[in-house]
Amino acid sequence: MQFDEFAAFEKNGWEHVVPSYEDYFGRLTVQSHPALLDALAVGPGTRMLDVAAGPGYLAAAAIERGATAAAVDFSASMIAHARQLHPEIEFQIADAAHLPFDDESVDAVGISFGMLHFPEPERALGEAARVLRAGGRVAFTAWALPERAVGFGMVLDAIQLHGKPDVGMPPAPPFFRFSDPGECVRVLTEAGFVDARAVEVEQTWHLVLPETPLDGLMHGGVRMAALLRAQSRSALAAIEQEVKTRVKAYTAHGELLIPMPCVLASAIKP
Ligand SMILES: C[S@@+](CC[C@H](N)C(=O)[O-])C[C@H]1O[C@@H](n2cnc3c(N)ncnc32)[C@H](O)[C@@H]1O
């Protein structure tokens, strides 16, 4: 595999961020789940698979619609936490590139903020196509470009200004590859799906000062967290100051309302 080192780095990282992922991202990624479930046509009786499920938010939302849901994630600690939160859902530890499900066994496959973490996202889509019945739907979300997903933008700009963007991280697919709706449609079409489409969905990161997006990215994720931790102490202090200045434009009554839209891509198995 071309990105072996990155795959191991992600796997190890996601084993260690469960509580902070939930604290920082739990109220954010769920904001696009109604649109994601609509794109998957999830309703009563749908058999949905949530891939890279994390704490199982998407699977839980599907069950609220009357669907049945199974969920996989390659992080054993994420799955242990998800099972505690949702004992009614069938969770399995599995990689998106090797789904432990039979051919044509589900109606819908949802991947909420997983594709940008996969070393080989095309393989995950190949697996989605295999387990979907004909006429079934796949949909995934990924962050919009940092100019629009402002929480990323302000932190990355601050690193550019005061730190080192290149800190020798393992080679990896571009973090913002699927921020491009055209690329989403292309990759879905190449995987054999039809009627591929991609739209932007609004999300807002609610944070309470003194916390800023820097804290969320430093503690609640893997790749951005490693980039931030690799900065020198003085650079990190300057980055923090820069972000504190920038969040002022998004502050109301001590609360931050940071735009964090995503791209939602979907398609149908012919
Ligand atoms: C950003 S979180 C998304 C969690 C959840 N779906 C959500 O929307 O909040 C990414 C999740 O993908 C999982 N993940 C990353 N690479 C994976 C892979 N190759 N196979 C399965 N899960 C993976 C991580 O363990 C983590 O739980």
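A nitrogen atom of the ligand sits 2.9 Å from a polar backbone atom of A96. Taken alone, the ligand exposes 590 Å², of which the protein buries 98% (Shrake-Rupley areas, 1.4 Å probe). The ligand is surrounded by 19 residues (a heavy atom within 4 Å), the closest being Y21, T29, A52, D73 and S112.

The model is predicted, with local features needing pLDDT of at least 70 and side-chain atom pairs pLDDT 80 or more, while totals for chains, interfaces and linings use all residues. Residues are numbered from 1 along each chain as its sequence is written, and side-chain values use heavy atoms, without hydrogens or water.

T29 counts as buried because its relative accessibility is 1%, the limit being under 20% (1.4 Å probe, protein chains only). Beyond neighbours within four places in sequence, T29 contacts Y21, Y57, S112, F113, W143 and Q203 (heavy atoms within 4.5 Å).

Turning to strand β10 (residues 262–268), seven of its seven residues are buried. C262, L264, S266 and I268 cover one side, with V263, A265 and A267 on the other. Strand β10 pairs (at least two DSSP bridges) antiparallel with β5 (residues 132–143) through seven bridges, T141 partnering L264. Six bridges join β10 to antiparallel β6 (residues 194–201), where A198 stands opposite A265.

Note on methods
Buried < 20%, exposed > 50% of the residue type's maximum accessible area, 1.4 Å probe, protein only. Helix = DSSP H or I, 4+ residues; strand = E, 2+ residues; numbered from the N terminus. Polar contact = N/O pair within 3.5 Å; in protein donor to acceptor, adjacent residues only side chain to side chain.
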